[in-house]
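The following account leads through one protein chain, from its overall fold to selected side chains. Please keep the sequence and the coordinates in view while reading.

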Amino acid sequence: MTPVKNYNNQNWLPSFFNDFFDNDWMIKANANAPAINVIEGEKDYKVEVAAPGMTKEDFNIHIGSENELVISMEKKNEKKEESKENRRFLRREFSYSKFEQTFVLPENVDKEKISASVNDGILTIELPKISAEEKAKINRVIEIQ
């Protein structure tokens with residue numbers, strides 16, 4: 001599986017700007033992107049996305065119109081401390097995370113049998129391969145009667 005290139009990068013900027021903005025003291029825009037493993041086995045592919053603190057409701061996984069697997073997640077947290085007895089808020093915390101990654105699916109993935117689960121902070125997507133027998137059925141010759 002091949003990840004689709006993200007065109008939101010700043011390669012169009014002159015190298016001076018890249019050198020200035022691409023330093024350790026500048027926070028990178030994709031610093032919140034989770035780590036992703038793609039594993040190929042004999043019968044399937046497996047995609048693992050590190051997503052601590054996320055639940056299955058935070059994810060959206062779908063097959064796009066151009067045979068791509070699109071994984072997106074969005075998490076909104078709002079921590080409010082209730083005011084008590086003539087007190088006012090001196091601190092409130094808001095958190096928002098959003099991520100999307102697109103992979104081009106190989107031709108041998110059985111799109112009807114793709115499954116996903118979230119366990120221990122890892123989103124796992126199982127992508128079964130089409131067996132040679134099933135592929136022969138798909139690519140069969142139709143006899144004319």
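**From fold to side chains**

Followed along the sequence, the chain shows the pattern β-α-β-β-β-β-β-β-β-α. The model is a predicted one.

Some totals describe the chain as a whole. Of its 145 residues, 23% count as buried. The accessible surface amounts to about 12000 Å², and 48% of this area belongs to carbon and sulfur atoms. Among contacts between residues at least 6 apart in sequence, 53% join residues at least 24 apart.

The interior may be considered next. In soluble globular proteins, nonpolar side chains tend to be buried together. In this model, the largest nonpolar core has 16 residues, of which L69, I71, I125 and L127 touch the most other members. The elements giving two or more residues to this core are strand 3 (44–50), strand 5 (68–79), strand 6 (93–104) and strand 8 (122–128).

A particular residue may now be examined: is F59 buried or exposed? F59 has a relative accessible area of 13% and therefore counts as buried, the cut-off for this class being under 20%. F59 belongs to strand 4, which covers residues 59–63. Leaving aside residues up to four places away in sequence, F59 touches A51, M54, S72, M73, V118 and L123. One of these contacts, L123, is 64 residues from F59 along the chain, and the C-alpha atoms of F59 and L123 are separated by 8.8 Å.

Strand 5 also holds K75. With a relative accessibility of 17%, K75 falls under the cut-off and so counts as buried. Which polar partners does the side chain of K75 reach? One is the backbone oxygen of G53, at 3.3 Å. Another is the side chain of D58, with which the side chain of K75 makes a polar contact at 3.2 Å.

Aromatic rings close the account. A pair of aromatic rings is described by the distance of the centres and the angle of the planes. The structure holds zero aromatic pairs. A ring does, however, take part in an arrangement with a charge: K129 lies over the face of Y45, at 4.8 Å from the ring centre.

Technical notes:
Residues are numbered from 1 along each chain as its sequence is written. This is a predicted model: local features need pLDDT of at least 70, side-chain atom pairs count only at pLDDT 80 or more; totals for chains, interfaces and linings use all residues. Side-chain values use heavy atoms; hydrogens and water are left out. Helices (H or I, at least four residues) and strands (E, at least two) are DSSP runs, numbered from the N terminus. Buried means under 20% relative accessible area, exposed over 50%, partly exposed in between (1.4 Å probe, protein chains only). Contact means heavy atoms within 4.5 Å. Accessible areas come from the Shrake-Rupley method with a 1.4 Å probe; for residues, only the protein chains shown count as cover. A nonpolar core is a set of buried Ala, Val, Leu, Ile, Met, Phe, Trp, Tyr and Cys residues joined through side-chain atoms within 4.5 Å. A polar contact is a pair of N or O atoms within 3.5 Å; within protein, one must be able to donate a hydrogen and the other to accept it, and residues adjacent in sequence count only if both atoms are side-chain atoms. Rings of Phe, Tyr and Trp (its six-membered ring) pair if their centres lie within 6.5 Å; planes under 30 degrees apart count as stacked, over 60 as edge-to-face and the rest as tilted. A charge sits over a ring if NZ of Lys or CZ of Arg is within 6 Å of the ring centre and within 35 degrees of the ring normal.
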